[in-house]
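This briefing concerns the strands, sheets and nonpolar cores of one model. Please consult the sequence and the structure displayed below while reading.

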Amino acid sequence: MTLRRALRSGVAAACIAGLAAPAGIAAPAAQAIASRAGVDVRVATAKTFSRVEIRGAQATVRRNGQTVTLNFDRDADPDISRLRTSPPKWFKGAEKRRVGGRLQLVLTLADDADATFGSADGAVYVNAQEKVQPEPGPDPGIDTQPVEIAEAEPARPDPLPPGGVVRMGAEMAGSQVQLSFPFAHPAGAAVFRRGDAIWVVFDAPAKLDVSKAPRGVAAVRGVRVMSGADHAAIRIDALADAPLFVESEGSTWTISIGPGGQPQPAIVRVTRDTAGGPAGLRAPVAGATRIINLPDPVVGDTLTVVTALGPPKGVPSRRDYVQLTLLPSIQGLAIEPLVEDLEIRRDGELVRMTRGEGLALSPAWASRDRRQAD
């Protein structure tokens, strides 16, 4: 059983939603701690590390020696009795505080523990594991060569204009509708089709003003705006067979619907991931910026969207697998998960798709044919 599945089993027992966690960890035990005010504190243990994960609020994390402090963006009163009375391995205890009217959670590490922390899939996590003892220093009589250290991904300028409002422009070029989105600095985007809808997703929480949306145009029957903490999106109700184009010029994205002479996007090639570990898929997406969980209010599920900077690139046709579907896109990626424990992560410009047990990489039609033959 993977750590992710164990966490989900614990959560189901407590009637709490599933937990996203690293794949490939065998035989862990997990327990979900009940929440108050919408904030969940969850604990899981595996052979090589223990994990504390918090959902329902954003937080900044800092470490000072064996103390890890999480400062949340709002007040809450989660239940941390599990951490106090029976902390998992490599943790010694926990304490709740109120600082400036907001929740602060202080985790104490064991003396022999090290920790890593971050955020993934809308949750903040702290992983504690055995501290690695430093290697002996080099012999001073031996010359050593400097080792090049990879630099962290550079920070991009904030794409939002002052006030955060991005006003959509709309023009007609013959029978083609052209919708433009001028940001202050380049923003990552994803553009894809799902049924009769065209989705445009940006990696910044802009306030999209679509008051100039075209009316009485056959190709565009309606525009709906949605937003989240890390994204903004529009869902365009359009003709299913209307040609679709996307262009990126400077900090402006332009979506064109209808016949036109715009160039086609580059192709993102999705292949088997040969890096080892559980079977998975990989997709090099140049300029990839963010992985976004995007609720679809019409279908009632949640897609996973990968945004990227221009120039445009996408997956030209739908690709169905047993456990996921890649939707046709002309910019970025749009993935329809068919299992709860699907894991999608970004390593720079490489997007990896897998799950704890590995993916079944035969196309979906092959699996259906086998079932019919049995």
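In the hairpin of β18 and β19, 2 residues lie between the strands, and G250 adopts a positive phi near 65°. The model is predicted, with local features requiring pLDDT of at least 70 and side-chain atom pairs counting only at pLDDT 80 or more, whereas totals for chains, interfaces and linings use all residues. Residues are numbered from 1 along each chain as its sequence is written, and side-chain values use heavy atoms, with hydrogens and water left out.

**Sheet containing the hairpin**

- β18 and β19 pair in the antiparallel sense over 6 bridges; strands are DSSP runs (E, at least two residues), numbered from the N terminus, and two strands pair if DSSP finds at least two bridges between them.
- Within this pairing, E247 has T254 of β19 as its bridge partner.
- β11 is joined by 5 bridges to the antiparallel strand β12 (residues 176-182), where Q176 stands opposite A173.

- β4 pairs with β5 (residues 67-72) over 6 bridges in the antiparallel sense, and T69 in β5 is the bridge partner of R62.

**Nonpolar cores**

- The largest nonpolar core has 32 residues, of which F181, F183, V191, F202, L208, I236 and I257 touch the most other members.
- A nonpolar core is a set of buried Ala, Val, Leu, Ile, Met, Phe, Trp, Tyr and Cys residues joined through side-chain atoms within 4.5 Å, where buried means under 20% relative accessible area (1.4 Å probe, protein chains only).
- At least two residues of this core come from each of β12, β13 (189-194), β14 (197-202), β17 (231-238), β18 and β19 (252-257), and β17 supplies the largest share, 4 residues.
- Apart from this core lies another, of 25 residues, including F72, W90, F91 and V124.
- Neighbours within four places in sequence aside, L208 of the largest core is in contact (heavy atoms within 4.5 Å) with V166, F181, F202, V225, A232, A233 and I234.

Terms used
Buried means under 20% relative accessible area, exposed over 50%, partly exposed in between (1.4 Å probe, protein chains only).
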